[in-house]
Amino acid sequence: MRMRPTAQSAGQQPEGEQQAAELRAELDELLRASRYASQRERRLNEAIRATPGRQRPDGELLRQLAQARTLREGLGARCLQLSDQLEALESRIRQQQQPPPPQQSQQNQQQYQQQPPQQQAPPPPVRPDLGALTERITALHRAGSLAEATGVIDAAAARLAPSDAALLVGMLAKYGPTGASLHLARGISRSAPDHCVAVLAELRELGLAEAAAEVFHAFWGYPAASVPGLLCALERAGLTADSATLLWEWGSAPIPELTSLAACLQQHGRAGDVRTLLRQAAGRSTADLAALAAGLPPALATLLLGELAVLRPPVEVVRLATALDGAGDSGLYAQLLAALLADEARHRTTLAALRTAGLPTRPPAAPRSRWGRR
């Protein structure tokens, strides 16, 4: 009787080993494709950064960059999936090649049969088709469905990753309706500070200066309580110059908002930012400075008056002192005077101008106790 050959009798690999070899071959091909996609993405990024001046990058380059990123991330996710499958398969092959002790073989076989089948690896994440999204927004706009187009843009601002959001801004600027890219930028600015700053960095990398300015200008409208977190996000992203610009802009904010921000920064331990903010505010009018000093917490009022004693010329310090004295706020006047008396030689001219204006140049004497020596 002629016996049928098995998978192992004709010099063939066992089924598990053959499957592992096929997985290794597929994984090698995907790794090579992933490396190629990464190189292409890098070259496209370099081409976009080479766009001269404030000129918008070519829309075709942005589209190709979006495709390259989608391909590279999809290949990377598939490589991880195959790698997990290969590791599980090789582990199973090793276990099968090690025969169990005779007395345990039946028990192990029963346990193996009771084990649930291995769960499949999750599929790779689906990246948005930015080209199709751009076409949809454009089609809705042309059809007069402006509210629906705006809704699609707002949803994209809330859900897209920073790199995808920046790419969509560029594609809308090139192919979309007028103003759609800036509307998307404004929508992005309403998200969490870390996300906004990440998109801002991506926009600048792509040379989309107008949209980047739209996002950054929206920072000026943040409530005071959100500014410390925004400054931290800018610092983490290496955008410290933007932090300084933001504080400079806040220096001209209405007095109630300015005092609120200074107090928030102090509560978050950002003493350097408090000093920068108050120095920016030091150039405001005398009436504003008197109101600001009155509204700040005592420690910050002392800091402000100390800065003013150094930064403002004598004639303006006298005006401020007159305003404080006229308002009957002897405590603030005493703090300003203490800042001047801390370095009398430096402030000799200012102290002389105070005496000429009939203002005291010495702190009031402490009241004597009725039980003290007479």
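**Exercises on helix packing and aromatic pairs**

Helix 6 and helix 7 are roughly antiparallel to each other, a term that applies to angles over 145 degrees. The model is predicted, so that local features need pLDDT of at least 70 and side-chain atom pairs count only at pLDDT 80 or more, while totals for chains, interfaces and linings use all residues. Residues are numbered from 1 along each chain as its sequence is written, and side-chain values use heavy atoms, with hydrogens and water left out.

**Exercise 1.** Describe how helix 6 packs with helix 7.

Step 1. Helix 6 spans residues 162-175 and helix 7 spans residues 180-188; helices are DSSP runs (H or I, at least four residues) numbered from the N terminus.

Step 2. Their axes come within 7 Å and cross at roughly 155 degrees. Axes are lines fitted to C-alpha atoms over the stretch in contact, and angles run from 0 to 180 degrees between N-to-C directions.

Step 3. Helix 6 contributes A165, L168, V169, L172 and A173 to the contact, and helix 7 contributes A180, S181, L184 and I188. Contact means heavy atoms within 4.5 Å.

Step 4. By class, this contact comprises eight nonpolar residues, one polar residue and no charged residues. Ala, Val, Leu, Ile, Met, Phe, Trp, Tyr, Cys and Pro count as nonpolar, Asp, Glu, Lys and Arg as charged, and the others, Gly among them, as polar.

**Exercise 2.** Determine the relative direction of helix 16 and helix 17, and classify the residues in contact.

Step 1. Helix 16 (residues 314-326) packs against helix 17 (residues 330-341) at an angle of about 150 degrees, the axes being 8 Å apart.

Step 2. The two helices are therefore roughly antiparallel to each other.

Step 3. V317, L320, A321, L324 and D325 of helix 16 meet L332, Y333, L336 and L340 of helix 17.

Step 4. This contact has eight nonpolar residues, no polar residues and one charged residue.

**Exercise 3.** Characterise the aromatic pairs that F216 forms with F219 and with W220.

Step 1. Three aromatic pairs occur in the structure; rings of Phe, Tyr and Trp (its six-membered ring) pair if their centres lie within 6.5 Å.

Step 2. F216 and F219 lie 5.9 Å apart, centre to centre, with 75 degrees between the planes. This pair is edge-to-face, the term for planes over 60 degrees apart.

Step 3. F216 is buried at 7% relative accessible area, and F219 is buried at 0%; buried means under 20%.

Step 4. F216 also forms an edge-to-face pair with W220, at 6.2 Å centre to centre and 80 degrees between the planes. W220 is partly exposed at 33%, that is, between the 20% and 50% limits.

Notes
Parallel < 35°, antiparallel > 145°, perpendicular 65-115°, else oblique. Phe/Tyr/Trp six-rings, centres within 6.5 Å; stacked < 30°, edge-to-face > 60°. Buried < 20%, exposed > 50% of the residue type's maximum accessible area, 1.4 Å probe, protein only.
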